[in-house]
Amino acid sequence: MASSLLGLACAACLVPTALGQIFVRDEPDAAVATSVTVDSLDFSDAADTLNTTFQGIKFGCKCYPGDPCWPSPAKWNALNATVDGQLLVNIPPGAPCHNNFTGPLGTINTYDAAKCAEVTQNFTSESWTVSQPAAELWTYATNETCRPTQNPADSCTLGYYGVYVIMATKPQHVKAGIDFARRNNVRLIVRNTGHDFLGRSTGYGALIINTHSFQQVTWIDSYSGPGSYKGSAVTLGAGVEGRPILTAGHARNPPVVVVTGECPTVGIAGGFIQGGGHGPWTTLKGFSADNVLAFEAITASGHYVTANEAQNPDLFWALKGGGPASFAVILSVTMKTFPDVRSAGATLYINSTLTTDPDVWWNGTAIFHKWSNHFVDNGLYVYWELSPMTFRARPFVGIGKTSAELRRVMQPFLDELAAKGVPFEFAIKDFPTFYDLYIDLFEDEAAGGSALTGGWMFNHEDVATNNDGIVDAFKTVLSPRADLFGFMIGHLFNPGYGAPRGSSATHPAWRNATDFVIASISVPTNATRAQKADLQSVMTNTMESALRKASTSGCTYVNEADPYQRDWQSHFWGEQYPALRALRRKWDPLGVFYATSTPGTEEWEVIEDGTRLCRKLHASSSRADGWVSWLWPSALALKVHVEKRILFAGFLITLSFSFTQVPIFYAFHLMECDIFYSNHPPYDGPGDRCSRNEIAAGTATQYAILGMTTTFCGTINLFVAGWMAKKIGPRAALMVQTFVPAIRVATQILGVMAGGQAGIVIFQYTQLITVIGGPVGYILVANIIAGEAVEPLRRTAVFGMLQGCIMLGQGIGYLSGGMIGDTWGIRRPFEVAFCSFLIATLYVRIAMPYIAAESLSRGSKPNSKGLAEFFAPLRILAPQKVLLASGAVRNHYGVLFLCAGVFLGVLATGYAPLLIQMYATAVFEFRQGDNGWLMSEFAFMRAAFLIFLFPRIISRGRKWHMARSTEQRAPEAEPRRSSRLATNPEELEAPMGSLAEEEPVESAEVKEDEGTAFDLRFLMLSLAVDGALTMCAAFATKGWHIYVGNCLFLALRVGFSASSQRRHDRDVLKLEKGRRAERPDACRKHSEACNPGLVWFCVLRARRDWQATPYLLC
């Protein structure tokens, strides 16, 4: 018993976890939309990957043009309508210089001499490239298949660009793109400015979301959000670039700055901050990510979120340097601002115009780097470049310093250059603000180049103890092979100088940094695949390898290093990586987002010559992967389709309830037997001592009381379960409905142990627990989840299958419970049920999709509070005034008739199975195993009849009835529909409103009299035969008669249940034609069986939908 209570306590911990760890919204504006708390994001609508085999390895791939799973033109049309016409077919920027562009959607003529001249003139311009829909500033990752050319006959193909681009102008456009990619298994790319060395802003066959239009800037005089910081701040849209925000800050009085990059076109709120973000202010204020106060973002599940120290703090941390395109799409960022101050800048050059001696030149470079610790320890930032015989430091930045102060810092370095005979050109200057320095000394970078990138960080110890080794590595980078040369860009900064304890997810080793060096090697634009592979090997195994060997830091920068190096996880994030990978599994477990060498992408690979993005399907051999899978089982559960998860939940929960249904009757029988013999002499005759009429009568009485309280408490449980679903969400409500019965079963175990009158009292009083969680409420909530999570066209089938799974669980539970009781004693079925309920609760927690509680309340009258809100579903029993298609208004009593019919049906035959079980026990001495077989036969036959026979009876019966009908309807004329599907976004005509994740389907009109009168005939026949067969059970003379009668009785009773539901559908839901198309399938069509939970689900859905459409009511 102690172990059972321990298990109970452990299971109790599961309930609070469902109530809040993630704050999400359905609307983008945090000021007007209320956040709700969930424990995990819902990816139940995600499409499966496409299975393929490549080089003997099985993969699950994204869908690409030509694949059967590639979205149809109708789906792209619907997406374009949802994003207000902002979906573009992506054409490479160089296409106007070519006669034709051949893409996955076909071939078009693209040559335009004027546009070609514009492209040719601006192809190396950063600002022009940034303004293009999907262009990359550095083009290697595009595969260079459509560059500007002087020969229009040259080939122009899409290369590794995306197929479509959403030019998002509002958050809803970004959400629509994310939802579309997730629901259709399309690769998704988020592109802000295209300022990207590593090709993470483009991808073959992808849907690209361009966020560059998000240019809003909001200045905050005193930040009032979570955390201790209360100074000035600014909120930046995702597309705001470095130079424009510095310009806007300079215009304020007094002028302010933010920590941005040195490049003027870098987008601050995108991959820059997600990589950490370094720039001229980094030595004084830390990384840009260290200065973030809040994010507004959209998750891979399509939820709007705020991330700060109070809301979603783990996401807040991960977005600050945890890797680009990994956790969410950033819409805006709120950052600290700082007063702009006087500054001083300097430049220094050592090049071939000053010396042609390589030894002298390298000596000057070594001297410069030897003093790099000194520079950053005095608060400087230095941007420097190195190419053969050219050293260029432009600029040395002394923020808050005068030129005299800056010179004093630099003088020892300058003196050593002079002493060693190294010629140099030097200039120094004062500036009134840092902004003035930035405009004067920082230069635009050239775009359009094709190169590979690597990089490494050198810390203070490296410079102090191995500067010569570092310079030797520089020599290798500049001349990695006799036929090749490279170049370098260095950045002297130390985030630990001004922010010794960073608050971001960046590698901890950065807090002792001195120099971060980018190594690069050019790639010919016409390079073959073999040449590219060779140059990549040179970068990884020669150039960057030399830098790594000269350092002890073990650290490099996420956005400016070789993504194909070994151990990139450790080099990019160090000890932070395991936490980041775990968070990736939480926020994007299915890989909706992807960027090369970012947390959680080890399983993903771009195969088939850099085209298809695929996930390896073989099981991981890593023990660490196994532990992560155990710690994050929801990621595994989400791989199973939501329909299957819901069906299995129905089976598992019903199985848990059914284990005790046969033993509970036998427990009453034994306890009544104990009571009887406590007042009578002991039994010493042959046979079962409990086979007495008095004991049977007592058992029947107690079971009748149990049934009455079950019905009463179960009715209240319907209200409670529905209320919980609306308050805490269906998944949390379903957890309550499965966990609370575990408490009830644990209490019943005490009743079994007590026995006699005490045991009966315990059993009867445990029914009060059913008010909170019981066998009726879970069916209601399960149907709510199915109705909300399953696509409309599948709901009817899923409801039917759910009822079948419930019946299957009943059958197995009845049989197993009886056999367990016979074999191991009356207490064992209750213990098995207790454990099963705990497992079911855990399963619901892991596998059920999240549905916001607010989504169930939409359309409800806002003035319903307290008890009025609790009993609000009863309003549907009142007559409804419905506007028919003819224009007539009529009172609608259908739901009232339905409930009355179900009540009378249950009153007439609902307890017949129990009575048969009691009769068999009293007359034929059935034991638990016998009754288990009897009740399982009941459930199995019920499932088989509904699944296989009943649909055929109804279908053929309706056809027979229609054949007898003399009235024929004239077919209604339908307008001709074009068979042509639009293929270009400008032709799109999809309806607005919400993203159409499925192709538009023309709703078929529901005919009111297509043989449905047969349902009423079958219902009447079922009731008559049902009563006759139930009465015949009383004339059984042998045990096998009971089994046969049970089968026959069951079939006809199920016919009654389902027929009554179908008849209700015809007579009750006669709504206006357009409204019929909107009705939930569970209520508009038939459900495969009529149980109280499903009926109540129909009532709740009907109430919500009618209130949401007041134009139907008078």
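Guide: Start at Phe295: setting aside neighbours within four places in sequence, it is in contact (heavy atoms within 4.5 Å) with Ile273, Val305, Thr306, Ala307, Phe316, Leu319, Lys320, Ile330, Ser332 and Val333. Bear in mind that this is a predicted model, with local features needing pLDDT of at least 70, side-chain atom pairs counting only at pLDDT 80 or more, and totals for chains, interfaces and linings using all residues. Numbering runs from 1 along each chain as its sequence is written, and side-chain values use heavy atoms, with hydrogens and water left out.

Now step back to the largest nonpolar core, which has 76 residues; Phe295 is among those touching the most other members, along with Leu79, Val174, Ile178 and Leu207. A core here is a set of buried Ala, Val, Leu, Ile, Met, Phe, Trp, Tyr and Cys residues joined through side-chain atoms within 4.5 Å, buried being under 20% relative accessible area with a 1.4 Å probe, protein chains only. Strand E16 (a DSSP run of E, at least two residues), spanning 328–336, gives the most to this core: six residues. Apart from it there's another core of 63 residues, including Met671, Val740, Phe763 and Phe834.

Between E23 (487–492) and E24 (513–522), six bridges join the antiparallel strands, and Phe487 stands opposite Ser520 in E24.

Methods: Buried means under 20% relative accessible area, exposed over 50%, partly exposed in between (1.4 Å probe, protein chains only). Helices (H or I, at least four residues) and strands (E, at least two) are DSSP runs, numbered from the N terminus. Two strands pair if DSSP finds at least two bridges between them.
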